[in-house]
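Please keep the sequence and the structure in view while reading.

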Amino acid sequence: MSASSPLAVPHDAPFGVRNLPYGVFSTADEPELRRIGVAYGDHVLDAGAAARATGAPADLAAALGAPSLNPLLAAGRPLWTRARAALTAWLTEDRHRAAVEPCLLPRADVRLHLPFEVADYVDFYASEHHAGNVGRIFRPGSEPLPPNWKHLPIGYHGRAGTIVVSGTPVVRPCGQRKAPADPAPTYGPSRRLDIEAELGFVVGTPTPLGSRVALADADDHVFGVCLVNDWSARDLQAWEYVPLGPFLGKSFATSVSPWVVPLDALAAARTAPPARDTEPLPYLDDRAAPTPYGLDVALDVRINGTVISRPPFAAMYWTYAQMLAHLTVNGASLRTGDFYASGTISGPERDTRGALIELTWNGEEPLELADGTRRTYLEDGDEVVISATAPGADGTRIALGEVAGRIAPAV
Ligand code: MN
């Protein structure tokens, strides 16, 4: 095939055939028409058009021809496997070339949308380093981790309706703020707007009310992963969070990357989670699991182009399978499009912390950016970009893309 063909993508490219992440796009010609796309090289494959052009079976063509990923998510792992095999064949086999080549559009020319309809959203708190740092900042002199932390993955229910795709401006939230020394709360724009670099897990196959998802069944339900920025107004959060947890300090916006990387693409990234010093209850005990559920995903976080952190997902204490097992252990059902995020990813070193509150130690140690300016928390106009890569099959390295957002002034 000629080097100028959009199908001429090296197999070890970040968006090569070992990756094949799914998104939803529209074009300038047909802005109302949403289509499922698969990132390939510098192009996006119109997956529904490719299915029709290659004469794919009706169920596969219907799922890939939908305006969101939800029908594919709902179909379950057997169709996920068939879709990945079909995409691999369409993009690499000469016999499909004439049919598939016209279905590739330059990625720079398409607009990417939220790739799935979010059902419920849960955010966890699964990094021991993050939880420990936050504990040391807010409760100096006492145990950094709360007594339940090593027995269960702590989480809270977030706001599904304010999950937005990468590139959506983030308006600085207003709310009640009260520092400990203030006599009374005041209302106004957040002065301590922060980021949280996280990984998010997209649930496909639903479950009935009253059932549980065992660790070993997690991969029947989890379709893939996104990058997440869980924007956090620390001043709003600090005043509101006792006793029921995060609320308006988080719910104004949560940004996700436009590409959902299938779990199948992360098979080579699986790694054992860190050693744990507390015996888990049986439903969370993965020590005899046939597959490790840790993931060696390497993130980087940039503010206005300066890398401020490189958080390692491999350092997370709780795995995505444990989070899902815990999320359903009370019999809560899963819906297609449920989304759960890991919580801030922080490693042991200072430059691997995934939130400004830790990186600047609650504002006491400002960061310096490449332009010479200093940051404790975010300023209006700041752009935050979180990107990530992971080991792919055959020694390759795959990209998870990026989640970006720029802070707009409060209104
Ligand atoms: Mn979070």
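One aromatic cluster is formed by Phe-124, Phe-201, Tyr-293, Phe-313, Tyr-320 and Tyr-340. Rings of Phe, Tyr and Trp (its six-membered ring) pair if their centres lie within 6.5 Å; planes under 30 degrees apart count as stacked, over 60 as edge-to-face and the rest as tilted. The model is predicted, so local features need pLDDT of at least 70 and side-chain atom pairs count only at pLDDT 80 or more, whereas totals for chains, interfaces and linings use all residues. Residues are numbered from 1 along each chain as its sequence is written, and side-chain values use heavy atoms, with hydrogens and water left out.

By the ring rule, the count comes to eleven aromatic pairs. In the pair of Tyr-22 and Phe-223, the ring centres are 5.5 Å apart and the planes stand at 55 degrees, so the pair is tilted. Because Tyr-22 belongs to strand β1 (residues 22-27) and Phe-223 to strand β14 (residues 222-229), this pair ties together parts 201 residues apart in sequence. Strands (E, at least two residues) and helices (H or I, at least four) are DSSP runs, numbered from the N terminus. Both Tyr-22 and Phe-223 are buried, where buried means under 20% relative accessible area, exposed over 50% and partly exposed in between (1.4 Å probe, protein chains only).

Ala-56 lies in the loop between α1 (47-53) and α2 (58-64). Its relative accessibility is 17%, and therefore Ala-56 counts as buried. Leaving aside residues up to four places away in sequence, Ala-56 touches Ala-51, Ala-61 and Trp-90, contact meaning heavy atoms within 4.5 Å.
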